[in-house]
Amino acid sequence: MKRGAVHHVDLSVKDPVASRAFYEAVLGFMGYAVVDTYEYGFDMDLRVDGKLVGSIGILKARGDNAARAHDRYSPGLHHIAWNAESREDVDAMHALLKRAGATVLDPPADYPRYGPGYYAVFFADPDGLKLEYVFKP
């Protein structure tokens with residue numbers, strides 16, 4: 001493991017059962033697999049050669065604000081971006097999102113303001129969390 005690399009991220013969602021198909025499709029496309037299921041959610045790990053690269057937990061939101069809509073401009077998570085292998089990989093993710101009926105915020109396009117060759121698709125999970133799949137050569 002590289003010192004300072006992200007080990008895991010936990011995302012709070014209204015209903016992990018309802019969100020599971022979305023995350024299994026999207027994260028499964030990237031190579032993540034469900035490794036643990038709990039009464040309050042599930043964990044998906046990405047492994048390379050048997051070694052953990054990272055983990056995403058999808059957990060049931062709790063507390064007074066558990067039912068509110070996600071606002072990425074409030075304190076907290078704005079969005080998460082994952083690396084794609086190529087422009088074609090970004091396009092394949094976009095096709096998967098369309099087949100799954102996911103909310104595509106911005107279809108695949110070049111975003112030169114983020115650097116030369118930056119090509120990404122932006123989308124939302126069932127609770128409105130902004131997600132991104134990006135290729136940057």
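1. Contact between the helices. In this predicted model, helix 1 and helix 2 meet through two sets of residues. Helix 1 supplies Phe22, Ala25, Val26, Phe29 and Met30; on the side of helix 2 the partners are Asp89, Ala92, Met93, Leu96 and Leu97. Sorted by class, this contact holds nine nonpolar residues, one charged residue and no polar ones.

2. Geometry of the helix pair. The axes of helix 1 and helix 2, the latter spanning residues 87–100, come within 11 Å and cross at roughly 165°. Angles over 145 degrees count as roughly antiparallel, and helix 1 and helix 2 are therefore roughly antiparallel to each other. The crossing of helix 1 past helix 2 is right-handed.

3. Four strands make up an open sheet with mixed pairing, and their order is 1-4-3-2. Strand 1 (8–13) and strand 2 (33–38) are the edge strands, each pairing on one side only. On average, neighbouring strands of the sheet are turned by 20° against each other, direction ignored.

4. Strands 1 and 4. Strands of a sheet pair through backbone hydrogen bonds, either parallel or antiparallel. Strand 1 and strand 4 (residues 51–60) pair in the parallel sense, over six bridges. As for individual positions, Asp10 stands opposite Gly57 in strand 4.

5. Helix 1 on the sheet. Besides meeting helix 2, helix 1 (residues 16–30) lies across strand 1, strand 2, strand 3 and strand 4. Strand 3 covers 41–48, and helix 1 runs at about 5° to strand 3.

How values were computed. Residues are numbered from 1 along each chain as its sequence is written. This is a predicted model: local features need pLDDT of at least 70, side-chain atom pairs count only at pLDDT 80 or more; totals for chains, interfaces and linings use all residues. Side-chain values use heavy atoms; hydrogens and water are left out. Two strands pair if DSSP finds at least two bridges between them. Axes are lines fitted to C-alpha atoms, for helices over the stretch in contact, and angles run from 0 to 180 degrees between N-to-C directions. Contact means heavy atoms within 4.5 Å. Angles under 35 degrees count as roughly parallel, over 145 as roughly antiparallel, 65 to 115 as roughly perpendicular and the rest as oblique. A crossing is left-handed if the near helix is turned anticlockwise from the far one by less than a right angle, and right-handed if clockwise. Ala, Val, Leu, Ile, Met, Phe, Trp, Tyr, Cys and Pro count as nonpolar, Asp, Glu, Lys and Arg as charged, and the others, Gly among them, as polar.
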